[in-house]
Amino acid sequence: MVGGLWYGTHVSSPPPPLVRPAAGVTLDSQVRGYLDELISEVERHPSDPDRRKNLGLAYAANGLWSEARETFLGLKSMVPQQPLAPMYAAVALQELSDEAGAWREFLQVTSSFPAFAPGWYRVGEAALRRGDHPKVEQAFERLMALAPREWRGPAGLGELRLSQGRLEEAQSLLEKAIHMDFSAKPAHYLLGQVYRNLGRTNEAQLALDLGSGENRLPMPDEWSEEAPGHMRLLPDQLAQAEELSERGQPEQAVQLLRHALPFHGEQPELLNGLAIASNRAGQSGEALAYVDRALQADPKSVAALVTRALVRARLGRFDAGRMDAEEALRLAPCLTQAHLAMAELWLSQDNDRKAISALEDALRCDPKNADIHVEIGGILWHNLGEKGSAMKHYQSAVSIHPAHAHAWSCLGQLQWETGDSIAARQTHEQLIRIAPGGRELAELESAMKAP
Amino acid sequence: MTPRLLWVWGFLLFLGCRRTEQPSPTGSSASARETEPVEAIAKSSPWFARESESSGFDFHHSSGKTGRFFLPEMETGGVGLIDFDQDGWMDVVCIDGGSVDPGHPTPPRHRLYRNLGHWKFVDVTESAGIQCPDGYGMGCAVGDFDGDGWPDLYITQLGGNRLFRNNKNGTFSDVTQQAGVAVHSWSTSAAFLDYDGDGHLDLAVVNYIHWTPEREMPCFSAGGQRDYCSPVNYRAPAPMTLFHNRGDGTFEDSTDKAGLLRAYGNGFGITTGDFDHDGRVDMYIANDATPNQLWINRRNGTFVDEALLRGCALNSVGVPRAGMGAVAIDLFENGWLDLYVTHLVGEGNGLFVNQTGNFIDGITPDGPMAGSLAFTGFGLAFGDFDNDGIADLYVANGRVRLGGKAWSAQDAYAEPNTLRRGLGGGRFVEIRPQGGTEPPIFGTSRGLAVGDLDNDGRLDAIVINRDGPADMLRNITGPEGSWIGFHLRDGKRREARNAVVRIEASGRQQWQQVQPNQGYCSSQDPRLHFGLGAARLVEHVWVRWPDGITEEFGPQIPGAYRPIQKGSGQKLPAAFSW
């Protein structure tokens, strides 16, 4: 790997100046503490490029782009044979809104490091946004040659062909990109536009839905994978904790947020985040203590009230939990999460009808939320045996969100169970199109194998 | 809103997700020539002069900020042009914030300025009866909802909108309750339109998010400075509201019946028009960080959102942007309304090019979006400021978060406004001095209204700046280009909203539609203004009225605003090729 050439090595030339946060910048205490640590490291080992890199990444990950750029430029002078430092210096320039300067530097990166695939990716992306077709073509063709398994190569070229109206070529390239990585959402979205222009409306709708709503992440490199580990701003850490919980790792989420406690003490958002993560990790007693502290700091925090309702649901304190949810709704009418908490409380008491009623209230506030339909469908089917009504909710879910794999899977299972094998097989085919190899498909197939 | 969005948003910033859209190099090495921006900057003498307070126009906007970073404080400030006394001079209504801090309740101080002509204005707010004792001001829409030929005023707010009926004697009456159009949400932009073709103006209201002070949370910018949040943080997008005009001075809430609860987002901007050429007016909603909606009118009182399929919901690769203001304009002079939307810094403003009803996110080095990556755009308006026959573009900019180049020592969110001169075919060039004024305006600009305030045939502008004085910009371009204006009325002398005018002068055709309620929280001059360049005669004027009837009006002499009334032209057969 080109990027790893200098890892663990020291350079002999005089080290560049150490970059400190600009004077007068108000820094979050945890960010400052972390930066101080890394600055000390660099002071102790001024010729170690790895420590400089960490400092540059820490500046970038916490939004200090001027300092990040200066650090990456210093690193570039220390290790001129390394392409990531100049590329990240250019990224910093982009973040500082100097698009022309960044473009110049990306070109320089590919000129100096013609075998460095991420550099070509950056040039290709930038060229697409400039309408510079020859450069787009050159960059993505180079990327495809250098990184033949990277979906962004054919996707970039496919985007160019789409804009040129060369639809068949675009289709072929975009299908190739999706074949490389089915989760490549931008490729699905672009393919949807191709299908639309070809008059294949149904396929277009599905591909557009599959491809919408997520940012196109830049091509990964060695540094980008380290970046999230340097985030020390509280909102970023809360979001990371939520992501960990979503991925079924709530214990790690708790660990992550506990590190922030010494810096953010009684910050209600942190305490609420800890309560959510602790509750998900099965530590409801701790969760209650955290959320009580959050509400002491801000008695009108609707987020904390919702959290306490959910914690109390798990602790079996249903009446108190409902009071929390009701108070949250009084303070913020149409708060979907409060209705969902109310549903959770009723479900915990096996009161399915009231749970459904609460979920319907949630739908009124958030009518395009397909997950709520799936939830209602599940209760109707599994708890109340009302399969016809459940079917309608699953159908609503897939109508709102045609690429909702879980909803399709539930729909197919219900179709199979009710003896509509033809519909179930059609649903199965649909699921193969939208989530090949996914858990949802496996669940449906398992159900269809059952007697 | 998925929880994942936040996380992705957080580290995307680090990874560098921005797109460039400037030069067009052709070689493989980075020579200086290659890296010069293609969109050459055109140095010019100023296009506008700022009117001083001695004109009587002295509006000073207040967001009521108290250091608690309540999100509404960052988005407030619309402006509208309304000839409320029908004296032929466009009067000005300015929308103030007030305060959302429960500890400092302050009603908004909206102002109505009567235009006395010749750049003299007088504040007539009190005598006209434009008072909002509560709510937090956002924007306004002007329209003749009762069809009496006099423009009425709708003010959008957080916590209760207001409808003021024009009493035809210099005063207004607050008829919000009788009319049934309060909307106790956080409304932003609004537009009058006749969606069912019954001759009565209906009202579409865009809502942002479900917000109360209790839903506020601390957010931070670079390094950890306390700052305003993104709407994504609240996860509470609100559906729009549609009021059907019963024709008796009251409205019914037809939102649900019309199918508008099926899609929603953090709504900011609205523009309307017949985007698919089926003869009925559609609605386009620009949403902040959520997909936009294109509500296609199904001609039966209902709408369906086809933005995703038609290609104007997201950017070219499926990502929602922070839509702020929106306008519909036929930029390529082919009879199809394109869409232009202002966005957040780093996203660039967006042009959705209408290709016979489907759109593409058109990015070109010299398009109207070029150079916009560095700014956060809000108010916007296309208008032929220099009367050369091609629409120019003015954008009111101002940040929503801290960071980036410091343009003003007083206001960390300030940015310069931008002015781009149209070159034809969707190509533009940036005018310097920035924004066409010397010195440039640095403010947190929000609402923008463009119109001819002195009836000299040259378009002027008003910009609302958050927590600052509004800028009234007098057009001082030369008198070289000729022009013509039209004021359209239907057979009953009511506003002909969404009527389309096509003119031909010296072999060139131009299209415009009547829809002043567009941009960001603002209402533009309801008259249509066409710059004509060197043309000395408008040979043809065709009007397609909202009911589909097309009439041709004879040659017109430039240099004046001409009334055009339905039924007074030569009716063309239905087969007429529009």
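**View 1. Buried residues of helix α20 in chain A of the predicted model.** In α20(A), the buried residues are Asp352(A), Ala355(A), Ile356(A), Ala358(A), Leu359(A), Ala362(A), Leu363(A) and Cys365(A). Seen down the helix axis, these buried residues fall within an arc of 165 degrees, so they line one face of α20(A).

**View 2. An open antiparallel sheet in chain B.** Five strands of chain B are arranged in the order β36-β35-β38-β39-β41, with antiparallel pairing. Because β36 (508–513) and β41 (570–571) of chain B stand at the edges and each has a single partner strand, one side of each is left without a neighbour in the sheet. Strand β39 of chain B, residues 550–553, pairs with β41(B) over two bridges in the antiparallel sense, and Glu551(B) stands opposite Lys571(B) of β41(B).

**View 3. Nonpolar cores with members in chain A.** The largest nonpolar core has 75 residues, of which Leu335(A), Tyr394(A) and Leu431(A) touch the most other members. When neighbours within four places in sequence are left aside, Leu431(A) is in contact with Ala405(A), Trp408(A), Ser409(A), Pro436(A), Glu440(A), Leu441(A) and Leu444(A). A second, separate core comprises 54 residues, including Val31(A), Ala60(A), Tyr121(A) and Leu157(A).

Conventions: Residues numbered from 1 in each chain as written. Chains lettered and ligands numbered in written order. Predicted model: local features only at pLDDT ≥ 70, side-chain atom pairs only at ≥ 80, totals over all residues. Heavy atoms only, no water. Buried < 20%, exposed > 50% of the residue type's maximum accessible area, 1.4 Å probe, protein only. Helix = DSSP H or I, 4+ residues; strand = E, 2+ residues; numbered from the N terminus. Arc of directions from axis to C-beta. Pairing = 2+ DSSP bridges. Core = buried A, V, L, I, M, F, W, Y, C linked by side-chain atoms within 4.5 Å. Contact = heavy atoms within 4.5 Å.
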